[in-house]
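User: I would like to go through the labels attached to this model one by one. For each, give me the value and the criterion behind it.

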Number of protein chains: 2
Amino acid sequence: MTAYTPPIADMRFVLDELAHLDEIAALPGYEEATPELVESILGEAGKLASEVWAPLNQSGDHEGSVFENGVVRTPKGFPDAYARYVEGGWGSLPFDPAHGGQGLPWAIAAATQEMWHGANLSLALSPLLTQGAVELLSAHGSEAQKALYLAKMISGEWTGTMNLTEPQAGSDVGALKTRAEPAGDHYLITGQKIYITWGEHDCAENIVHMVLARTPGAPAGTRGISLFIVPKYLVKPDGSLGERNDLRCVSLEGKLGIHASPTCVMAYGDAGGAKGWLVGEENAGMACMFTMMNSARLSVGIQGLAVAERAYQAALAFAKERVQSRPIDGSDRGPVPIIRHPDVRRMLMTMKATIEAMRALAYTTVAAQDKAKRHPDADIRARNQARVDLLTPVVKGWLTDCGCELASIGVQVHGGMGFVEETGAAQFYRDVRITPIYEGTNGIQGLDLLTRKLLRDDGAAMTALQTEMGVTLGELESLPGADMAPIREALADGVDQLSTASDWLLELGETDLPRAAAGASPYLRLLGTVTGGWLLARGAAAAQRYLTEGGEKAGAREGFLTAKIQTARFYADNILPGAAAEAAAVNRGGESTLALDEDLF
Amino acid sequence: MTAYTPPIADMRFVLDELAHLDEIAALPGYEEATPELVESILGEAGKLASEVWAPLNQSGDHEGSVFENGVVRTPKGFPDAYARYVEGGWGSLPFDPAHGGQGLPWAIAAATQEMWHGANLSLALSPLLTQGAVELLSAHGSEAQKALYLAKMISGEWTGTMNLTEPQAGSDVGALKTRAEPAGDHYLITGQKIYITWGEHDCAENIVHMVLARTPGAPAGTRGISLFIVPKYLVKPDGSLGERNDLRCVSLEGKLGIHASPTCVMAYGDAGGAKGWLVGEENAGMACMFTMMNSARLSVGIQGLAVAERAYQAALAFAKERVQSRPIDGSDRGPVPIIRHPDVRRMLMTMKATIEAMRALAYTTVAAQDKAKRHPDADIRARNQARVDLLTPVVKGWLTDCGCELASIGVQVHGGMGFVEETGAAQFYRDVRITPIYEGTNGIQGLDLLTRKLLRDDGAAMTALQTEMGVTLGELESLPGADMAPIREALADGVDQLSTASDWLLELGETDLPRAAAGASPYLRLLGTVTGGWLLARGAAAAQRYLTEGGEKAGAREGFLTAKIQTARFYADNILPGAAAEAAAVNRGGESTLALDEDLF
């Protein structure tokens with residue numbers, strides 16, 4: 001079994017140096033987010049994650065959630081571990097104090113989220129879905145609905161789910177068929193939903209399903225979809241639980257990973273119709289869902305990061321322990337820990353550097369969201385919102401693709417033992433594989449980036465990002481240290497590649513959209529690679545400044561700061577050059593992607 | 001459940017146009033390999049693979065091999081499916097007619113191997129190991145040993161295993177501790193071996209273990225290892241089976257994939273010593289093993305190819321069937337099969353193009369082995385042997401890395417259904433993950449390529465390869481067709497990258513071996529990318545020639561030949577640009593890979 005130690009120093013470095021938590025704490029309403037409070041929150045969350053949640057990760061995988069006689073039994077220890085999370089108030093961190101939330105910045109919540117997902121991806125999925133439902137109700141629910149549901153969901157006593165997918169309606173949500181018939185103050189919901197994460201379980205007293213359905217006569221496609229609250233147990237006006245609603249779990253999916261997370265097929269209305277209450281207006285369900293989806297996409301990106309981090313910790317521990325073969329530099333006559341073999345180091349450095357880039361991208365994007373919500377200056381709010389919109393598909397797509405690749409490297413570091421389930425490395429590889437798929441496949445993310453982000457504002461948000469990267473390039477020029485020049489050069493190349501590919505897609509978007517779309521995924525990857533490299537370069541610059549200035553902030557952290565520079569350098573030398581290949585696929589790849597006749601495949 | 005259709009037309013194209021089977025059939029001893037016979041062999045093997053082996057792939061995964069009361073029970077249908085293989089004489093294809101083999105070229109056997117591995121990786125592992133043992137005995141066994149064992153092993157009535165690994169001796173084989181005490185005409189073997197593939201099972205009447213062990217007083221490390229035949233049942237002089245030998249399976253590993261393949265912990269000599277017979281000289285065991293390993297490495301590479309091909313077939317069938325969303329080109333108002341979405345096409349083209357490059361590399365390398373063995377001209381034999389030596393680690397490493405990546409893409413094409421085990425896509429992703437690990441991890445392959453191949457002959461074999469690539473570049477220049485120029489340019493870039501990186505490693509190998517070693521894996525990848533692109537370009541050139549000449553060879557195959565060109569073009573546009581990134585990691589990556597203090601990880 002592998003341990004999990006939340007990487008708090010790395011998290012703090014990103015929050016402080018790249019996400020500028022001090023600026024966020026200066027925003028109205030976020031004043032409580034002092035460095036001391038942040039330290040204490042990360043420490044306490046880290047304890048629960050590492051001591052209670054993490055040890056259940058492998059046993060949860062072995063046992064899985066089980067469906068018997070209409071009831072889902074989660075693995076041993078899960079209900080208790082979840083109860084500890086509720087007791088600690090961990091779900092309430094970023095939410096409105098009016099409904100029992102703690103009103104803290106999302107940037108801090110993001111760091112705790114990384115811990116939950118790193119400790120136990122299956123268990124952490126329940127709060128992730130609940131968070132989405134809370135945001136949805138907060139933004140679109142009536143005051144009465146908020147009063148009835150929000151406090152219990154924010155506390156985590158009730159969990160939430162998202163019911164979009166049906167067998168014929170996956171990425172194409174507009175194809176869904178579930179019906180909602182008006183019946184007085186409520187509707188009667190009938191239909192089947194699939195892939196409902198934590199759709200039924202034994203960890204909370206009620207489950208509040210957010211269900212997409214069609215009302216009679218609704219237009220076809222996404223314009224005719226409405227959103228309903230459909231609780232497992234009906235909620236009385238005083239907030240107490242009433243009778244069971246007409247909905248049930250029909251079966252669980254047998255999955256590659258996240259075995260402990262019950263993925264349910266849900267049946268609504270077998271006995272005439274499940275009672276549901278409309279959220280917002282009829283036919284405005286998709287808009288409501290988008291509120292939730294953007295934040296959920298950031299969280300899924302953080303899952304990719306979190307599992308990669310844990311896979312790295314396991315691989316690193318193994319590489320320091322496992323003794324095998326003499327070192328190639330002849331420094332020892334006997335066998336040494338495998339971390340001393342260059343190829344194993346290469347694998348570990350690839351994991352470490354990419355993970356740090358991923359974390360920087362995720363946390364800074366979430367921090368931009370905090371500013372977009374709370375900054376007093378409307379321009380700054382708008383600018384940050386544009387940044388969040390642009391980078392959300394990248395956080396989701398790039399972090400989860402990298403998550404899979406890094407978990408695979410984690411297996412490889414273990415050699416034969418990586419293929420044996422006992423070690424745990426294989427579970428990370430299996431579990432993380434869902435993240436490029438759900439909450440919008442990464443192909444959908446690429447298309448979102450291309451059409452709704454790059455093309456829609458005619459490249460404005462992208463240009464703003466590249467301008468900031470240019471500022472960093474200037475800063476790097478003035479810094480001492482042998483690593484700064486190569487980092488700068490690699491980044492400058494990457495920014496050029498990004499700029500050329502962006503221009504090309506902007507042009508192609510007007511003349512040949514399918515061909516542009518064929519390059520959307522490589523473009524997303526390119527943006528991830530370069531933005532990750534940019535953030536690591538900024539981190540390296542900050543570290544270099546502290547080291548140059550000396551004093552308190554450097555002192556005891558000299559090793560840590562040096563590692564930041566060397567890690568950024570590794571990324572510049574080994575990962576950033578991928579930008580050229582990714583840009584080539586964008587610039588040249590589309591035509592040949594579309595050339596072959598369908599019959600000739 | 002997914003079907004499997006051996007891609008015989010693609011296989012034939014590689015065999016005929018790139019591996020030049022006609023030249024091989026002209027070699028002494030290979031005269032029987034007429035085009036008609038090849039067609040018939042591939043057809044018949046394809047039937048057994050697709051009709052008998054493939055349908056057991058998923059049920060075999062579900063059931064797994066089970067260990068009970070000292071006996072291993074393989075999944076339902078496995079013993080019978082294996083018996084059909086033995087009856088068909090499929091194991092005997094490339095072996096010496098003197099011992100019941102059919103004496104056919106390895107290039108043909110490679111194509112059938114792809115079928116067995118594509119149909120059922122778990123089951124095909126047994127013949128793979130048997131083949132290794134046969135080669136080993138053929139090369140190093142005494143005449144008496146050959147007479148006693150070979151015929152039964154070549155027919156497949158008895159299977160073989162390779163016993164190298166021990167808990168403390170994985171990649172470092174020299175650390176093994178199993179002992180062999182002389183006892184008259186034989187030795188008594190005592191020790192434990194792990195990861196013994198098909199070490200115990202119910203598909204054959206005897207299992208012939210090839211076991212590495214140390215004799216008393218043997219030198220430390222790999223120079224003190226001897227190889228022994230240790231049969232499960234002792235073999236009487238007349239070839240009939242005698243009593244049970246003192247060896248047993250202790251347990252099976254619980255693995256990420258290939259659940260139907262029993263991976264055994266084997267105990268030798270619990271009751272005093274298992275009887276073993278020395279193969280070759282004492283302390284020459286490693287040299288013997290290398291005979292087997294090179295060919296096994298080619299076969300493992302073919303496994304990566306085979307699973308990728310099957311994953312592609314499953315993804316393609318799904319993409320043609322699954323209807324979801326309107327097309328971005330506006331050509332339909334309703335939802336269409338997802339193959340019409342550009343990103344899905346990109347994924348399918350990536351699989352198709354990479355698989356064709358992988359197949360071309362594998363088959364041509366095996367064909368070079370045929371020439372190295374049989375060509376009457378010693379120079380040509382030596383040149384081909386050098387090519388085989390150079391490319392064997394690439395076939396093993398690049399094909400298995402790509403196999404994993406492509407199986408992951410196969411999951412992604414399926415969307416949510418890819419994560420559900422029922423679909424089968426997830427099994428390919430799990431199964432193929434072993435291939436970069438066993439038979440020498442891909443890190444070991446990189447090191448082998450760098451030290452034993454590139455550096456040992458001072459780049460001679462590499463230069464010869466690049467010279468051939470240069471010839472292709474010249475040929476491409478003179479061909480008509482809009483695709484030839486971009487294919488040529490991309491290949492020329494790739495060859496430049498390969499050449500620069502090779503020169504750099506040759507230099508670094510003399511001055512800073514650890515730093516060179518840090519670039520060994522990216523170098524292996526680079527060589528795979530470029531050689532794959534070169535072979536596809538050669539295939540495209542052949543196709544273009546047929547199309548230009550017209551006539552019989554083009555005629556009915558116009559679509560097929562056009563697809564070859566377009567696929568090579570896709571590879572040139574989308575995959576070959578990766579060579580620059582891989583070369584950068586070789587040229588610049590080493591220093592920063594090794595920079596970080598071990599404590600700072």
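This is a predicted model: local features need pLDDT of at least 70, side-chain atom pairs count only at pLDDT 80 or more; totals for chains, interfaces and linings use all residues.

User: What share of chain A is buried, and what share of its contacts joins residues 24 or more positions apart?

Analyst: Of the 601 residues in chain A, 64% are buried, the cut-off being under 20% relative accessible area. Among contacts in chain A with a separation of 6 or more, 75% are between residues 24 or more positions apart. The accessible surface of chain A is about 20100 Å², and carbon and sulfur atoms hold 51% of that.

User: How do you know that the length of helix 3 of chain A agrees with its number of residues?

Analyst: Helix 3 of chain A covers residues 35-53, which is 19 residues, and at 1.5 Å a residue it should span 27 Å. Its end C-alpha atoms are 25 Å apart, so the two values agree.

User: Which residues of helix 3 of chain A are buried, and what covers them?

Analyst: The buried residues in helix 3 of chain A are A:Val38, A:Ile41, A:Leu42, A:Ala45, A:Gly46, A:Leu48, A:Ala49, A:Val52 and A:Trp53. Their cover includes helix 1 (8-18), helix 2 (21-25), helix 4 (56-63), helix 5 (78-87), helix 6 (106-119) and helix 7 (121-140) of chain A. As a general point, an α-helix has 3.6 residues a turn, so residues three or four places apart point the same way.

User: Why is A:Gln445 called buried, and A:Arg452 partly exposed?

Analyst: A:Gln445 lies in helix 14 (residues 442-455) of chain A, and A:Arg452 is in helix 14 of chain A as well. A:Gln445 has 0% relative accessibility and therefore counts as buried. A:Arg452 has a relative accessible area of 37%, so the label is partly exposed, that class lying between 20% and 50%. Beyond its neighbours within four places in sequence, A:Gln445 is in contact with residues including A:Arg297, A:Pro393, A:Lys396 and A:Leu524. The C-alpha atom of A:Arg452 is 8.6 Å from that of A:Leu390, 62 residues apart along the chain.

User: What makes the phi of A:Asn69 worth a remark, and is this residue buried or exposed?

Analyst: Most residues other than glycine have a negative phi. A:Asn69 is not a glycine, yet its phi is positive, about 50°. A:Asn69 sits in the loop between strand 1 (66-68) and strand 2 (71-73) of chain A. Its relative accessible area is 80%, so A:Asn69 is exposed, the threshold being over 50%.

User: Why is B:Glu439 called buried?

Analyst: B:Glu439 has a relative accessible area of 17%, and buried means under 20%, so B:Glu439 is buried. B:Glu439 lies in the loop between helix 13 (425-431) and helix 14 (442-455) of chain B, and has a positive phi of about 60° although it is not a glycine.

User: Why is B:Ala144 called exposed, and B:Arg73 partly exposed?

Analyst: B:Ala144, in helix 8 (residues 143-155) of chain B, has a relative accessible area of 57% and is therefore exposed. B:Arg73, in strand 2 (residues 71-73) of chain B, has 42% and so is partly exposed. Leaving aside neighbours within four places in sequence, B:Arg73 is in contact with B:Gly64, B:Ser65, B:Val66, B:Glu68 and B:Asp202.

Key. Residues are numbered from 1 along each chain as its sequence is written. Chains are lettered from A and ligands numbered from 1 in the order in which they are written. Side-chain values use heavy atoms; hydrogens and water are left out. Buried means under 20% relative accessible area, exposed over 50%, partly exposed in between (1.4 Å probe, protein chains only). Contact means heavy atoms within 4.5 Å. Accessible areas come from the Shrake-Rupley method with a 1.4 Å probe; for residues, only the protein chains shown count as cover. Helices (H or I, at least four residues) and strands (E, at least two) are DSSP runs, numbered from the N terminus. The expected span of a helix is 1.5 Å times one less than its number of residues.
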